[in-house]
Amino acid sequence: MMEMLRERLKNPIVAAVSGFVLGLIIGLPILGWWLWPVRWINAEPRHLRPDLKTDYLCMVIDSYVKNQNQVNARARFELLGEEGEALLAALKPGQCNLSESDISQFRAALQGPVLPLPAVTPGTEKPTAAPRTSGMGMVIILCLVTLAVGGVLVYLLVFRRQQGGPTTPSVVSQAREYSRQTEPTDFAAQGQQPPISQFMTTYVLGDDLYDDSFSIDSPAGEFLGECGVGISDTIGVGEPKRVTALEVWLFDKNDYQTVTKVLMTPHAYNDPAIRQRLESKGELIQVEPGQRITLEANTLIMEAHVADLVLGGGALPPDSYFERITIELSVWQKQA
C-alpha cells in the first residue's frame, strides 16, 4: 500500500493535487478557524443583527433630539442602508424611552430640506463608513497559506526522498523490475497442480518501509485470505537499514491465527542473541538460494520460493544482511 502511494506521488499532477487537498485539510480548520480566524471589526450598522439595528436607530434619534444636527442625523441614518425606512416605520413610541414627538421630529428632519450648519463643531463631523475587513482578501490569504503548506508537505514526502532518502521511489521501482524479470515457477509443466494465486515480491537494500501483502481469492472471486513478506529485524546503525531477517506469513480466513516463518541471513541465524529475539515470531529458517519453504494453515498451503538472493557484509559481518531477495509466493487450497 505504501509503495503504491509513493509511486503515484511521483506524478507531479497527483502530487500537486494531494498537496493542495492535504493543505486544505490543515489550512481551513487550523489556520482559518483557530490560528488566524476571520474577525470583522468596525462593521457598518447595516451589518448588525436586527435588534442591534433598532438600538442604533434609537441612538441616532436620541442624538438628533438633543443636538438638532440634521446633517449628522441623515448621515447616520443612511448607514442602515435599505432597511432604515422599515426600521423607522416599525419603531413605536416608548421604545428606547423615545416619545412620539421624538420620532416625529426625526422623520421631519429626514424629509425636510437640509439646513447647512454655520460651523462644524467637534464631535459633529459627518460619520464615514467604518473600515471593513475584506472577506475576499482573507480568503486569498488562506488559500496562499494552504498552497504553501501543501507544497512543503509534498516536497518533504516526495521530492526530498528522491534526493537520497531512506526509501526512494527509484528503489521501489528497482524492486518491482527485479520481480517482473523473475520467471515464475511453471507448476503445470512440472506435473503439479497450478496454484490458485501466485505472487512475486522483491526487497532491495534501501526500502526501509518494505512490507508487501497480497489478497488470496478463489477462482470464483471469493476472498480466502492474505499473504506477504515484511521486515522482521535489522542489524547495525545508520541509513539505509540493514535487514537481517524477513517475515513470510500466511493468513487463512478459516484459521484463528496467522502462520509465520522468519527467513534469516546466515549470520543472524547463527547469532544466539538475534535468534532469541526472533524465535517468538515464528519458525526460524536460514535463507538459501532456491530454497522452498512451506506454510500450512487450516484450508490453505503456501510455498515461499527464494528465487533470487544477494547477501551483504562490508563493515558488518559477512552475509549479515540482505542486499536483495526475491521471493515467489504460491498458494493452493487444501482438498476437502
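In helix H3, Tyr56, Leu57, Val60, Ser63 and Tyr64 meet Gln70, Ala73, Arg76 and Phe77 of helix H4, where contact means heavy atoms within 4.5 Å. The model is predicted: local features need pLDDT of at least 70, side-chain atom pairs count only at pLDDT 80 or more, and totals for chains, interfaces and linings use all residues. Residues are numbered from 1 along each chain as its sequence is written, and side-chain values use heavy atoms, with hydrogens and water left out. Helices (H or I, at least four residues) and strands (E, at least two) are DSSP runs, numbered from the N terminus.

**H3 with H4**
- Helix H3 covers residues 50-67 and helix H4 residues 70-78; their axes lie 9 Å apart at an angle of about 175°.
- Axes are lines fitted to C-alpha atoms, for helices over the stretch in contact, and angles run from 0 to 180 degrees between N-to-C directions.
- H3 and H4 are therefore roughly antiparallel to each other; angles under 35 degrees count as roughly parallel, over 145 as roughly antiparallel, 65 to 115 as roughly perpendicular and the rest as oblique.
- By class, the contact of H3 with H4 has 6 nonpolar, 2 polar and 1 charged residues.
- In this classification, Ala, Val, Leu, Ile, Met, Phe, Trp, Tyr, Cys and Pro count as nonpolar, Asp, Glu, Lys and Arg as charged, and the others, Gly among them, as polar.
- The loop between H3 and H4 holds glutamine 68, whose phi is near 55°, a positive value in a residue other than glycine.

- From H4, Gln70, Ala73, Arg74 and Phe77 meet Phe106, Ala109, Leu110 and Gln111 in H6.
- The residues of the contact of H4 with H6 divide into 5 nonpolar, 2 polar and 1 charged.

**A cis peptide bond**
- The peptide bond from glutamate 239 to proline 240 is cis, with omega near -5°.
- Proline 240 is placed in the loop between strand E3 (223-235) and strand E4 (242-252).
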